[in-house]
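User: Hi, could you walk me through this structure in plain words? I am new to reading models like this.
Analyst: Gladly, here it is.

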Amino acid sequence: MSSFLFSTHSPSSPAESPRLGRRVLALLFLAWLTWTGVAGVGAIGRELQGVPAVWRMAGALTAEGRIARTMSTSDRIAKLPSGYLLSIVKAVNEFVPPHEDVQLLQVPDRKRIRALVPVPHLTFPRRIRADLFRKSEDVEPPPGTYLLAFGDTSQERLLANKTLLASGADWSLWH
Amino acid sequence: MELSLLELLALLGVPAFLGCMLLCALGIRARTDRLAYPGWAWMAGALGIAGLETVRLLLGMESPVPVVGLGLVLAAGLGWRARARPTRTEETEEEVPGGRLESWGFGLVLVLVFALLAHRMLSSSLTAIVADDEANFWSLRAKYLYDAHSFGGSYAQALAQRSFNNANYPLLNSLLQLWTFDCAGRITHMANRIPIQLCSVALVLCTASALRRASRPWIAAVLLILLVTCAPIEAGIRRANADVLVAFAGLVAADAWRRGRRSPDLAWVGLASLAMAFLFWSKREGVLLGLCGALAIATVAWRRGTLARPRPPRAALPWIALPFAVLLGTIAHNLWFHARGSHELDPAILADVAARLGDDLPLVLRFLGDAFVRPSLNGIPAAFFALALLAHRARTGALAFVPLACLLFVLALIVALVRGNTEYLLKTACMRVLSQLVPLQLLWLAAVARELLAPAQDPDAHRLPREARSPGLG
């Protein structure tokens with residue numbers, strides 16, 4: 001390869017110009033390969049530095065621990081108190097039978113709805129719905145509906161005939 | 001661990017056995033290519049298990065055991081019948097020789113890359129599937145299928161109520177996750193990534209083997225490093241998305257095409273057909289890539305006057321029918337359930353494409369130009385398209401269709417991006433879709449590098465017959 005790249009033969013004739021072009025291309029290709037290859041090895045090295053921590057954590061965490069860790073990350077991203085989302089998941093799984101719908105009530109804002117997105121993935125086949133009644137005073141939920149209410153629920157007309165099943169930081173589960 | 005050892009054995013062992021038997025029926029055994037064989041076997045096995053799950057869902061059976069058991073017996077029978085078939089060995093192409101040090105270096109890089117993959121798999125197993133596409137439709141659809149035990153019940157209801165996005169996407173990913181739920185006997189939240197992650201491992205195995213056959217060991221090693229350090233490919237092994245399935249099947253199809261070009265026997269035609277079926281069942285971009293590849297191959301063959309040859313053997317016809325069956329199955333599913341995607345191709349919008357081009361094309365082209373050179377793709381598309389334009393050698397050999405196929409794919413991508421929701425699609429999907437081409441582009445780059453870096457030819461070489469001058473790319 002070195003004889004090909006560093007030949008002293010000068011491209012004097014037109015027939016040799018394609019060879020020159022090929023050498024320039026080859027040199028550029030080698031330069032790109034070297035540059036990205038070295039950067040790639042560096043990236044792999046940096047990534048593999050995390051191996052001990054990941055192995056330690058993988059050895060220590062059970063499946064439940066991993067789910068708790070995931071939900072704790074979601075709490076942090078949504079700026080919610082630690083354990084907030086996991087407590088909702090646990091309450092729904094414990095008190096709501098499979099295939100039942102849970103209606104959201106008095107959700108403070110759209111940010112909270114976004115924060116709740118991970119919950120239904122862990123409560124399947126129970127479904128969390130925010131679409132049946134947007135304003136609580138407009139529509140009566142069907143009897144037997146499970147409600148996940150947020151904030152102060154003391155004045156909430158829809159909860160008058162419901163039983164409190166579980167509650168957390170600013171949420172309560174009703175049936 | 002979310003799965004017991006026995007559950008894990010079933011999850012991996014059943015598809016692996018199915019895959020080995022299917023390959024055996026094609027005359028492909030481990031000694032055909034020791035590096036790529038586990039990857040091919042996983043691909044064939046994943047297809048097999050997804051096919052059996054489909055049958056079980058169509059029959060509405062609560063347990064997959066009878067259908068999978070029958071499938072295993074049939075596969076074993078197929079393998080037993082084919083035992084006398086001569087093993088397909090690599091007659092047309094050996095690995096490109098390299099020095100001992102180079103070969104050791106390649107081996108070392110392979111070990112390093114597998115350590116990295118294991119690390120990424122383990123690291124992703126610490127996080128439950130609760131966000132992004134992997135949760136919002138791939139995994140959610142698998143959960144509905146598991147709950148319904150059929151294509152009716154809660155699955156049909158969820159489709160009718162549009163409970164998840166992109167309901168018209170092909171089913172392979174979700175069927176593989178369904179297999180995990182079946183092995184566990186319950187819905188899992190991490191382990192269902194495993195069958196998809198193993199497609200990433202298979203991708204690396206098959207790419208490594210293809211690169212080694214296309215180029216010298218040190219070039220193959222560097223290109224392999226570029227593959228695994230591509231950001232979207234890295235994300236592919238951490239999440240249960242389907243982009244890596246497209247990349248994997250595209251690579252295997254092109255590699256099988258390259259191997260079988262000179263002797264299109266049952267082994268390579270069958271393997272290419274399996275890869276095409278996998279491609280069509282993985283994602284809609286898979287169908288697009290398959291169509292672009294077929295069109296490019298036909299164009300190159302037409303230009304060379306070789307369109308009518310070589311013909312595949314008669315025994316390969318059932319295998320060739322497989323991708324079409326998968327495609328028809330997906331179309332039938334979408335028609336039956338009126339399944340629609342979030343990015344539907346609206347004819348009204350298409351008619352307006354010319355007007356939209358003026359508005360959005362500069363934005364899309366700027367993004368693509370930036371993406372081609374961006375470090376997250378390691379500048380692979382830029383190097384690929386630059387060499388495709390400048391290197392004369394790019395237009396010869398078995399892989400000459402790759403630049404045209406990639407160009408068609410990118411043009412189709414531009415149309416898809418321009419037709420609406422442009423900024424959102426650029427932000428969320430474009431890099432992932434471009435990464436589906438990366439293994440194919442690396443294979444082509446390896447073949448070009450082999451030609452480009454070969455010692456200079458004799459000045460009189462142009463007088464020799466074409467075949468004697470150069471073996472051609474790939």
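Analyst: Let us begin with A:Lys79, a residue in the loop between α4 (63-77) and α5 of chain A. Please keep in mind throughout that this is a predicted model.

User: OK, what value does phi of A:Lys79 come near?
Analyst: Phi of A:Lys79 is near 55°, which is a positive value in a residue other than glycine.

User: Since you mention β2, in what order do the five strands of the chain A sheet come?
Analyst: The order is β2-β1-β3-β5-β4 in chain A, and these five strands form an open sheet whose pairing is mixed. The edges are taken by β2 (127-129) and β4 (164-167) of chain A, each of which has a single partner strand, so one side of each is left without a neighbour in the sheet. Neighbouring strands of this sheet are turned against each other by 25° on average, if direction is ignored.

User: How many bridges join β1 to β2 in chain A?
Analyst: Three bridges join strand β1 (residues 101-105) of chain A to β2(A), and the two run parallel. For an example to look up, A:Asp101 has A:Arg127 in β2(A) as its bridge partner. In general, strands of a sheet pair through backbone hydrogen bonds, either parallel or antiparallel.

User: Which helix lies across those strands?
Analyst: That is helix α5 (residues 84-95) of chain A, which lies across β1, β2, β3 (146-150), β4 and β5 (171-174) of chain A and runs at about 5° to β5(A).

User: Let's switch to chain B. At what angle do α1 and α2 of chain B pack?
Analyst: Helix α1 (residues 5-25) of chain B and α2(B) pack at an angle of about 105°, with their axes 6 Å apart. Angles from 65 to 115 degrees count as roughly perpendicular, and α1(B) and α2(B) are therefore described as roughly perpendicular to each other. Among the residues that make the contact are B:Leu11, B:Leu18 and B:Leu22 of α1(B), together with B:Trp40, B:Ile49 and B:Leu52 of α2(B). By class, this contact of α1(B) with α2(B) has 17 nonpolar, three polar and no charged residues.

User: And how far apart are the axes of α2 and α3 in chain B?
Analyst: They are 9 Å apart, and helix α2 (residues 37-59) of chain B packs against helix α3 (residues 65-81) of chain B at an angle of about 140°. The two helices, α2(B) and α3(B), are therefore oblique to each other, and their crossing is right-handed. On the α2(B) side, B:Ile49, B:Leu52, B:Val55, B:Arg56 and B:Leu59 meet B:Val67, B:Val68 and B:Gly71 in α3(B). Sorted by class, the contact of α2(B) with α3(B) has six nonpolar, one polar and one charged residues.

User: What about α2 and α11 in chain B, is their crossing left-handed or right-handed?
Analyst: The crossing of α2(B) and α11(B) is left-handed. Here α2(B) and helix α11 (residues 243-260) of chain B pack at an angle of about 120°, with their axes 12 Å apart. The contact involves B:Gly39, B:Trp40 and B:Met43 of α2(B), and B:Phe248, B:Val252, B:Asp255 and B:Arg259 of α11(B).

User: Last topic: where is confidence lowest and highest in chain A?
Analyst: In chain A, confidence is lowest in helix α1 (residues 2-5), at a mean of 39, and highest in α5(A), at 96. Chain A averages a pLDDT of 84, and 85% of the residues score at least 70.

User: And what does chain B average?
Analyst: Chain B averages a pLDDT of 88, with 89% of the residues scoring at least 70, although pLDDT stays under 50 over residues 458-474 of chain B. Where pLDDT is low, the predicted coordinates should not be read in detail. For the complex, the predictor gives an ipTM of 0.85 and a pTM of 0.90.

Key: Residues are numbered from 1 along each chain as its sequence is written. Chains are lettered from A and ligands numbered from 1 in the order in which they are written. This is a predicted model: local features need pLDDT of at least 70, side-chain atom pairs count only at pLDDT 80 or more; totals for chains, interfaces and linings use all residues. Side-chain values use heavy atoms; hydrogens and water are left out. Axes are lines fitted to C-alpha atoms, for helices over the stretch in contact, and angles run from 0 to 180 degrees between N-to-C directions. Helices (H or I, at least four residues) and strands (E, at least two) are DSSP runs, numbered from the N terminus. Angles under 35 degrees count as roughly parallel, over 145 as roughly antiparallel, 65 to 115 as roughly perpendicular and the rest as oblique. A crossing is left-handed if the near helix is turned anticlockwise from the far one by less than a right angle, and right-handed if clockwise. Contact means heavy atoms within 4.5 Å. Ala, Val, Leu, Ile, Met, Phe, Trp, Tyr, Cys and Pro count as nonpolar, Asp, Glu, Lys and Arg as charged, and the others, Gly among them, as polar. Two strands pair if DSSP finds at least two bridges between them. pLDDT is the predictor's confidence in each residue, from 0 to 100.
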